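I open this notebook to record, entry by entry, what I looked up in one protein chain.

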Amino acid sequence: MQYVQYGSTDLKVSRFGLGCMRFPSDRSEAIEMVRYAIDHGVNYLDTAYVYEDSEEILGEALKDGYRERINLVSKAPLWNITKHEDFERELDVSLKRLGTDYLDVYLLHNLYDANLKKARDFDGPGFLDEMIAKGKIRYKGFSMHNSYEAFVDFVDDFHWDAAQIQLNILDVNMQVGQKGMQYAAEKGLAVVIMEPLRGGAIITDMPAEVGDLIDAHPDQLSLVEWCFRWLYKQREATVILSGTSSMEQLKQNLDIFERADNSELSNEDIHFISRIRRAYQKSNAIGCTACRYCQPCSSGVKIPDCFAVYNTFVVTGKRTMSDKVYYRNAMVSKGFGADQCIRCGECEELCPQKLPIPDLLEEVHATLTAGLPARFTTDG
């Protein structure tokens, strides 16, 4: 495992960080995974107040001396903040769940437009300085799904130790992007990368053309490794998070990072990754990462699930009736389908990807119901 300086701080962190948003449902397996990661050199663990059961699971996993071996990161739930004093109340909840007296890094969470306004209106940066003075946190930062311009403004307005952004082979120029990563690093911030596989969607929704490219490449690397290789060769990327949901995924990722090196990407590698990117761009997939910030929908629409079915249908090229039948039987008939959308717009405000969700849901429903017979069954 490689270790690097965390921005301008005194922390030394593993290049691979364990994202704790997508733990398996089996609590004992999740705890085993956390300890396995730490035993194999991972010393950067990222969670958040709003990740269901994550802080509690980590609190159990970090007993018996494991807490002292890692850098622990959590995030302030801006959704719950209505005044400055609320920040410390919610931090104390996280500390109790995690079974610790302090966090190594604490982030203002998901600064899309509404949360960004709250962070400013209720002096989130001032709160972080207060907590450093109290010893409840060591370093401060923020995570952001927003534009490059909004990111730069926030970086420049305050003194930060770290910024967490979404970046992967497909999002080079989306959101904060590669340009924002470079800007933050030049300012001395640690840059933590989230969604390196877009919540796994890059892999599960891989177009057939990408599979052919991977199979034909002489290095015979998996698509997962190509995605991570592109990131760990970005010198400005301090930590690359992966939210593994099984021990098998964790071991695969650890194996990739144990082989990682700091050499520059070759011109051939850059060209190959560009070919992968172009193949995805032709696929017309919906760029949902299944973060589920849009849930619950007031009309009952299971938005990420609708998008997942659509992406499977469109992106992978498996244009069979089975995806449509599943959508009708498992979602529409139970009131979870895209047809329930009333275009209230609440989901758009919450979406880190700034997707035009009502318009996309209309497209999803039209596509997945086109050509279906009046009567349908799960066996077609």
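Predicted model: local features only at pLDDT ≥ 70, side-chain atom pairs only at ≥ 80, totals over all residues.

I looked up the secondary structure and found 16 helices and 10 strands in the chain. The radius of gyration is 21 Å, close to the 21 Å that the globule rule gives for 380 residues, so the chain is as compact as a globular protein of that length. Taken along the principal axes, the box filled by the C-alpha atoms is roughly 65 × 50 × 45 Å.

The accessible surface comes to about 16400 Å², and carbon and sulfur atoms hold 48% of that. For charges, I noted 42 positive and 57 negative side chains, with the centres of the two sets 2 Å apart.

Which residues have the most contacts inside the largest nonpolar core? They are Leu 45, Leu 108 and Phe 142, in a core of 86 residues. Helix α10 (residues 223-232) gives the most to this core, namely 8 residues. I then followed Leu 45 and, leaving aside its neighbours within four places in sequence, found contacts that include Leu 18, Val 34, Ile 38, Leu 62 and Val 73. Another core lies apart from the largest one and has 23 residues, among them Val 301, Ile 303, Tyr 327 and Val 364.

Gln 295 and Pro 296 are joined by a cis peptide bond, with omega about 0 degrees, and Pro 296 sits in the loop between α12 (267-281) and α13 (303-315). Asp 64, which is not a glycine, has a positive phi of about 60 degrees, and I located Asp 64 in the loop between α2 (54-61) and β5 (71-76).

Is Asp 64 buried or exposed? Asp 64 is exposed, because its relative accessible area is 67% and exposed means over 50%. Asp 123 also has a positive phi, near 55 degrees, and belongs to the loop between α4 (113-121) and α5 (124-134). With a relative accessible area of 38%, Asp 123 is partly exposed.

Conventions: Residues numbered from 1 in each chain as written. Heavy atoms only, no water. Helix = DSSP H or I, 4+ residues; strand = E, 2+ residues; numbered from the N terminus. Rg over C-alpha atoms; globule rule 2.2 N^0.38 Å. Areas by Shrake-Rupley, 256 points an atom, 1.4 Å probe, with all protein chains shown as cover. Lys, Arg positive; Asp, Glu negative; His and termini not counted. Charge placed at Lys NZ, Arg CZ, Asp CG, Glu CD. Core = buried A, V, L, I, M, F, W, Y, C linked by side-chain atoms within 4.5 Å. Buried < 20%, exposed > 50% of the residue type's maximum accessible area, 1.4 Å probe, protein only. Contact = heavy atoms within 4.5 Å.
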